[in-house]
Each structure stands twice: as structure tokens, then as C-alpha cells.
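The following exercises concern a single protein chain. Each task is followed by a solution in steps.

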Amino acid sequence: MERKHKRLATPWAAGVAGTVFAILTATAIVLVRIAMPSGVDGAQVTADAGQRSAVRTALELIPFAGIAFLWFMGALREQAGEHEDKFVSTVFLGSGLVFVATLFGAAAAAWSVLDEGGQGSSFGRDVAYALLTTYAMRMAAVFVMTTTTIAHRLGVLPRPLTVVGYLAGLTLLVVGANVPWSELVFPAWVLVLSLNTLWSRRSAASRTTAST
């Protein structure tokens, strides 16, 4: 009974952590995109009080998003259990950890717009966008594709979501900084995967209750 409960609780943890990560990350990206538009020339980036407040809120969300993502990764890996492929799992784990590190680096660079005079360094803004759209999203692409591969091999992911996963990974890998707002593809994919996990867990719990 305890082992059954563990198998049901792990997908629940993955679903909840993934949902929290998706909401926090999407909110932070939207706030930063609005307050710090890319493609603005000049050595200085002028931000008013409202923009600085939006960026500050976004940056305060990032650490919690990173923590939720680590829980999400751990819960997903636990689901694979003894059936995990060591090679694919190593790439899965490495890409996820590098993604979090790069996301934190982008957040640290974005603090440059929060000085008292409202004059933020254009260099800091550009570094933040480069880390987010070029490096973090490439690692996110690898994470999406390896997660999709593992889930497909274990037979826990419906075929439509498998296709969506590979398309999302390819989009993040190829598009990058060329298309503004494309970084929202990653939290959107995590949200879809998490909701599917929670729904599958609910269905499994219902079947278990019915059989007892």
C-alpha cells in the first residue's frame, strides 16, 4: 500500500512543481519583456519607477521558479526509477541544472536597471537577454527533448504530447533570440506536461480507489 501511495504521490509532486514553475517563470518573462524591451539602442537604459518595480518583482520570482524547477526535475526522474536510460538521464539532468544556473545569471544581469537614478546599463540588459534567449532557452530545448524521449520510452506520454514536446524543443533550439517572446514556449510546455501529469495521477487514483 505504501509503495502504491509513493507511485501516486511522485506524479502529483511533479505536476504541482511544474505548474508553479510555469506560472512564476511566465510571469517573470512577461514583466521583464514589458519593462526592459530588447533592441533599444544606447549606452543607458532609462527605466521609470513602474518599470523598475516590474523588473524587481520579476527578479524576486526567479529564485522560487528555480526551486520549483529543481523539484519538478527530481520528481520526473523519480518516476523513471530503475527504468531510466543512464545516457539520456545524464543529458536530462545536466541540461536542467545548466538551465537553472543560466536563468539565475540572466536575473543577476537584469538587476542593472534597478539603480536609484533609473539609468540602467545597456550592457547589463543585453547580457540578461543573451543569457535568457540564447543560452537558457537552448538548454531548455535539450531538457524538453530528453524529457519527451524518456516519457515516450516509458509509455507515459500520449502521442500528441510527444509530438508537441519535440516541436517545442526544436522551436527553442532553432528560434532563440530571433523571435521575441519565444521563450514563453518553455513554461507553456512545462505547464501542459504538468497538467497532463496531474490528470493522469487523478485517473490512476480513481482506478485504485475503485479496485479497493
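**Exercise 1.** What share of the contacts in the protein with a separation of 6 or more is accounted for by residues 24 or more positions apart?

*Solution.* This is a predicted model, in which local features need pLDDT of at least 70, side-chain atom pairs count only at pLDDT 80 or more, and totals for chains, interfaces and linings use all residues. Residues are numbered from 1 along each chain as its sequence is written, and side-chain values use heavy atoms, with hydrogens and water left out. A contact means heavy atoms within 4.5 Å. On that basis, the share is 83%.

**Exercise 2.** State in which helix proline 11 is found and whether this residue is buried or exposed.

*Solution.* Helices are DSSP runs of H or I with at least four residues, numbered from the N terminus. Proline 11 belongs to helix 1 (residues 2-35). Buried means under 20% relative accessible area, and exposed over 50% (1.4 Å probe, protein chains only). Proline 11 has 11% relative accessibility and therefore counts as buried. Its C-alpha atom is separated by 9.8 Å from that of asparagine 196, 185 residues apart along the chain.

**Exercise 3.** Determine which residues of helix 5 are buried and how they are arranged about its axis.

*Solution.* The buried residues are Leu161, Thr162, Gly165, Ala168, Gly169 and Leu172. Seen down the axis of helix 5, they fall within an arc of 130° (taken from the directions from the helix axis to the C-beta atoms), so they line one face of the helix. On the other side of helix 5, Arg159, Pro160, Leu167 and Val174 are exposed. Glycine 176, with a positive phi near 55°, follows helix 5.

Definitions and conventions: Helix = DSSP H or I, 4+ residues; strand = E, 2+ residues; numbered from the N terminus.
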